[in-house]
Amino acid sequence: MSADSGPTAGSGPTGGDTIHKPVVAKGRPVVRRPDVDTLFSINPDGSRNAIHPADVKGRFQRWKHVLWVVLIALYVALPWIRIDGHPAFLIDIQARHFYLFGHTFNAQDFWYAFFLVTGVGFTLFVVAALFGRMWCGYACPQTVFLEGVFRRIERWIEGPAAARAKLDKAPLRGAKLVRRGLKMVVFLLIAAAISHSFLGYFVPTEVLVEAVIHFPAHHPTAVVVGVLATLVLFVNFTWFREQLCIVVCPYGRLQGALYDPDTILVGYDQKRGEPRGPAHQQGAGDCVDCYRCVAVCPTGIDIRNGTQLECVGCANCIDACDDVMVKLGRPKGLVRYDSQRGFETGVRRFMRGRVFLYGVLLLLGMSVFTFALTRRRPFEASLVRAPGQAYQVESERVHNVFDLQLINKRPGTRTFTIEVVGPDDADTIVAAQTVELNSLEDRRIPVHVYVPTATFKAGLKTELLVRCDEDGTVLERLATAPLLGPGPRRR
């Protein structure tokens with residue numbers, strides 16, 4: 001491919017640091033350009049059209065690179081951070097224990113996850129209604145790792161976009177075999193590192209390290225999950241890439257329902273840019289049809305065709321177009337962040353109905369979650385009837401058997417004392433008067449209650465008062481359960 005030619009079918013947008021323009025020469029097939037009706041990453045015959053975005057520099061790229069470094073560092077470090085001796089974030093499915101920034105939860109607290117998931121969902125709704133797919137272009141893990149890690153390594157090994165497109169067409173031998181082989185090995189190692197970091201959110205890090213350094217048979221589940229996750233990530237970042245955003249991601253498919261004329265998107269100023277023409281053509285707009293905005297697009301769209309599902313809002317085309325405008329001595333912003341109303345009338349509205357609705361739902365969910373979290377009990381104490389016979393009559397006494405289930409839901413070890421409250425005429429035997437439990441540890445304590453048959457009546461309850469001293473404050477829970485026994489005798 002010559003330096004001044006554009007992307008050809010099967011190669012995707014290419015080009016290095018120079019401005020290039022598609023050339024349609026007589027006798028040659030017409031060069032395929034992106035349109036709004038078809039995916040440019042898929043060829044007309046159904047085969048894959050590899051996308052090789054060209055390098056781009058600019059203010060948005062600098063902001064993204066800083067953000068990506070922070071996000072990757074946070075992703076890797078979070079499972080290792082400890083708060084009160086526990087992971088800052090851990091969903092230990094096997095033990096049914098969950099840790100979230102100093103708070104400890106067990107399986108009974110799983111309903112809190114509803115508010116967490118809906119909170120994330122409404123947050124994304126608000127972001128999408130205001131700024132389109134800015135989340136996708138800046139903070140989505142797919143974008144962060146693909147653009148911030150894998151494609152950067154690909155550029156170091158295989159060269160700029162034009163060189164990578166040329167390498168695609170070359171036979172698999174010699175330099176291509178060495179470069180592609182090296183890239184695959186590096187990609188596989190990075191995919192393994194990412195997948196093992198991901199496992200750290202579901203397996204305690206000490207268990208994860210033990211599984212890595214010991215024979216796989218010692219931790220078969222962790223090994224199998226780690227291998228499968230590595231293979232999925234390897235295939236995704238090596239081959240599938242932008243198809244995940246276009247075809248698989250449900251958030252991307254929701255954008256059409258979340259946008260409105262005031263949503264801030266990456267767009268092209270047609271009033272200023274049209275009609276397109278060379279820089280010195282009389283009556284031409286500011287767009288010189290250099291094709292640079294397409295060359296740098298990671299999903300292979302032409303932003304000048306309008307808002308499209310494939311656009312992830314990465315701002316590559318903004319930096320590329322601004323660079324061209326500076327070289328031509330024209331104002332920046334031919335391609336920019338703006339709303340449809342802004343492009344048409346210059347008027348932008350921030351607050352509107354859907355944003356207000358999403359915001360209210362988000363605040364409502366956060367308020368309920370915060371209130372529920374503040375009302376969360378530091379420990380659970382409940383009386384449950386022991387399996388087996390409901391009751392027994394022994395030596396003129398009604399015998400009920402219970403289990404007192406104690407769960408320490410706070411970080412650190414706590415000591416619990418158990419006191420019998422009632423009923424007054426019953427003989428209540430508790431297997432342990434004092435119990436010490438570690439964080440999220442639970443224990444069942446047998447409780448036997450004997451009530452004389454002469455005084456037994458319906459409605460009697462056994463009552464146990466459980467106390468715990470937490471940082472100088474005495475916390476109490478009353479555990480009750482109904483007593484069962486024979487009904488009144490008939491004469």
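This is a predicted model: local features need pLDDT of at least 70, side-chain atom pairs count only at pLDDT 80 or more; totals for chains, interfaces and linings use all residues.
Reader: Where does the largest share come from?
Author: From H2, with seven residues.

Reader: How many residues line the pocket, and which lie nearest its centre?
Author: The lining has 36 residues. Phe89, Ile91, Leu116, Val120 and Tyr201 lie nearest the centre.

Reader: What classes are in that lining?
Author: 34 nonpolar, one polar and one charged.

Reader: What space lies in the largest pocket?
Author: About 1300 Å³.

Reader: Switching to cores. In the largest nonpolar core, which residues touch the most other members?
Author: Leu383, Leu404, Leu406, Ile418 and Val447, out of 25 residues. Elements giving two or more residues to this core include strand E8 (379-385), strand E10 (397-408) and strand E14 (442-452).

Reader: Take Val447. What is in contact with Val447, leaving aside neighbours within four places in sequence?
Author: Among them are Leu383, Asn400, Phe402, Leu404, Ile429 and Leu464.

Reader: What does the second, separate core include?
Author: That core has 24 residues, including Ile264, Val266, Ile301 and Tyr337.

Reader: New topic. Asp322: buried or exposed?
Author: Asp322 is buried, because its relative accessibility is 5% and buried means under 20%. Asp322 is found in helix H14 (residues 316-328).

Reader: What does Asp322 touch, not counting residues up to four places away in sequence?
Author: Arg59, Lys332, Gly333 and Val335.

Key: Residues are numbered from 1 along each chain as its sequence is written. Side-chain values use heavy atoms; hydrogens and water are left out. A nonpolar core is a set of buried Ala, Val, Leu, Ile, Met, Phe, Trp, Tyr and Cys residues joined through side-chain atoms within 4.5 Å. Buried means under 20% relative accessible area, exposed over 50%, partly exposed in between (1.4 Å probe, protein chains only). Helices (H or I, at least four residues) and strands (E, at least two) are DSSP runs, numbered from the N terminus. Contact means heavy atoms within 4.5 Å. On a 1 Å grid over the protein atoms alone, a cavity is a set of points where a 1.4 Å probe fits but cannot get out, and a pocket is an open set with protein on both sides within 12 Å along at least five of seven lines; lining residues have an atom within 4 Å of a point. Grid points are joined across faces, edges and corners, and a volume is the space filled by probe spheres set on the points. Ala, Val, Leu, Ile, Met, Phe, Trp, Tyr, Cys and Pro count as nonpolar, Asp, Glu, Lys and Arg as charged, and the others, Gly among them, as polar.
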